[in-house]
Amino acid sequence: MDYYEILGVEKNATKDEIKSAFRKKARQLHPDVNKAPDAEERFKELGKAYETLSDDEKRALYDRYGEDGLKNAGYSQGPFDFGFGGINDIFEAFFGQGMGGGFSSRHDPNAPIEGDNLRMDMKIDFMDAIFGVEKEIKINHLEECDECHGTGKDKNAKETACKTCRGMGRIQQNTRTILGSFTSVTTCPDCNGSGIDPSSNCKKCKGTGTIHKEKTVKIRIPKGVDSGSRIRLANEGNAGKNGGRKGDLYIVLYVKDSKEFIRDGVDIHTVLEISMPQAVLGDEVIVKTVDGEEKIHIPQGIENLEKVLIKGKGVPYLGKEGQRGNHYVTIKINTPKKLSGEEEKLYRQLFELSKKTEKNGIMEKVKTAFK
Ligand SMILES: [Zn+2]
Ligand SMILES: [Zn+2]
């Protein structure tokens with residue numbers, strides 16, 4: 001069987017063409033609609049063809065090597081199994097978005113629903129990002145209602161059937177299309193699918209099973225985090241429903257700038273201004289690192305903007321105990337703008353002296369360059 005023929009598209013069909021061809025055929029062949037004896041078999045084939053041709057990688061394999069190519073690549077070629085995308089596409093094909101109801105377990109009002117994940121942005125100090133810190137934060141989240149224990153029902157009220165859906169939890173709608181008339185089922189808007197009259201809802205949470213509550217959460221921010229680092233706190237998000245698990249809380253960090261240090265990943269940079277004589281003769285100088293004061297050696301004859309390395313005084317690698325980046329001190333040589341009388345005298349002496357030595361030096365260089 002040829003997948004393109006099954007879908008009724010050309011070999012060079014675009015993804016959109018394949019999708020719309022699939023929807024059209026799925027409507028015709030769905031076993032709930034089509035009572036022909038081979039409808040189910042053809043529907044499965046259609047699903048298989050669509051699954052392959054809607055996936056770039058599988059389609060390329062199929063185009064070159066046919067079904068054997070897919071098999072060799074490890075793609076299952078057994079009965080068409082509805083992948084996550086597949087089944088959603090099929091529901092979409094039938095009911096359009098937002099209309100699916102009553103078919104998927106998601107719409108069972110008593111099925112467990114996972115709580116939402118929460119995200120919170122947090123600013124932390126420069127040093128705290130380097131050495132880690134413990135923080136307490138307040139978050140507003142949904143907690144299980146303590147009145148009804150998450151059921152959303154008032155235990156003293158008598159449950160009566162929802163009048164809108166007569167206890168069905170669903171409403172049937174007939175939709176006429178050019179392909180025929182379909183009955184679609186939607187969740188009852190009055191009881192949210194429970195089938196129970198909303199007057200018996202828990203008064204505290206109005207039937208949602210959850211209530212807004214502020215809570216304090218302790219978090220440990222590890223060493224070496226940076227702006228954009230995310231910390232996941234499992235089960236600290238919103239409460240689920242009907243026994244569904246709680247969501248998680250994600251803290252996204254923003255690290256404040258420092259006045260003294262520039263951070264570049266795991267490295268720290270600072271600038272040190274030194275005098276002309278210091279640059280010429282070298283010196284020992286105290287600089288500030290994130291660990292405190294540190295003595296560094298400025299080598300004789302250092303150039304402007306040259307960097308002095310202080311190994312291991314940078315930022316710890318996140319999650320790697322004991323490993324740290326480096327600190328780089330960029331040297332800026334200050335040219336004096338004002339000179340005392342004595343300084344000027346000395347500089348003039350140096351000037352005269354350097355004229356002689358420099359001249360020789362330059363002439364040597366010119367000579368070698370033209371050799
Ligand atoms: Zn409640
Ligand atoms: Zn209802």
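This is a predicted model: local features need pLDDT of at least 70, side-chain atom pairs count only at pLDDT 80 or more; totals for chains, interfaces and linings use all residues.
Which residues of H2 are buried? They are Ile18, Ala21, Phe22, Lys25 and Leu29. These residues lie on the same side of H2, because they cover an arc of only 105° around the axis. An α-helix has 3.6 residues a turn, so residues three or four places apart point the same way.

H2 itself runs over residues 15-29 and has 15 residues. From its first C-alpha to its last, H2 reaches 21 Å. That is close to the 21 Å expected at 1.5 Å a residue.

## The protein as a whole

Now step back from H2. The protein has 371 residues, and buried residues make up 20% of them. Its secondary structure comes to eight helices and 13 strands.

Contacts along the chain can also be sorted by separation. Take those between residues at least 6 apart in sequence. Of these contacts, 62% join residues at least 24 apart.

## A sheet of three strands

Strands of a sheet pair through backbone hydrogen bonds, either parallel or antiparallel. One open sheet here has three strands, in the order S1-S7-S6. Its pairing is mixed. Which strands stand at the edges? They are S1 (118-124) and S6 (230-233). Each has a single partner strand, so one side of each is left without a neighbour in the sheet. From one strand to the next, the twist averages 25°.

Look at S1 and S7 in detail. S7 covers residues 249-255, and S1 pairs with S7 in the parallel sense. Seven bridges join the two strands. One pair to find is Met120 and its bridge partner in S7, Ile251.

## A hairpin and a parallel partner

Strands S8 (residues 262-264) and S9 (residues 267-275) pair in the antiparallel sense. Arg263 has Ile268 in S9 as its bridge partner. How many residues lie between S8 and S9 in their hairpin? There are two. Gly265, in the turn, has a positive phi of about 65°.

S9 also pairs with S13 (residues 327-334). Here the strands run parallel, and eight bridges join them. Val271 has its bridge partner in S13, and that partner is Thr330.

Key. Residues are numbered from 1 along each chain as its sequence is written. Chains are lettered from A and ligands numbered from 1 in the order in which they are written. Two strands pair if DSSP finds at least two bridges between them. Helices (H or I, at least four residues) and strands (E, at least two) are DSSP runs, numbered from the N terminus. Axes are lines fitted to C-alpha atoms, for helices over the stretch in contact, and angles run from 0 to 180 degrees between N-to-C directions. A residue is buried if 20 or more other C-beta atoms lie within 10 Å of its own, exposed if 12 or fewer, and partly exposed in between; C-beta atoms are placed from the backbone. Two residues are in contact if their C-beta atoms, placed from the backbone, lie within 7 Å. The expected span of a helix is 1.5 Å times one less than its number of residues. The arc is that of the directions from the helix axis to the C-beta atoms.
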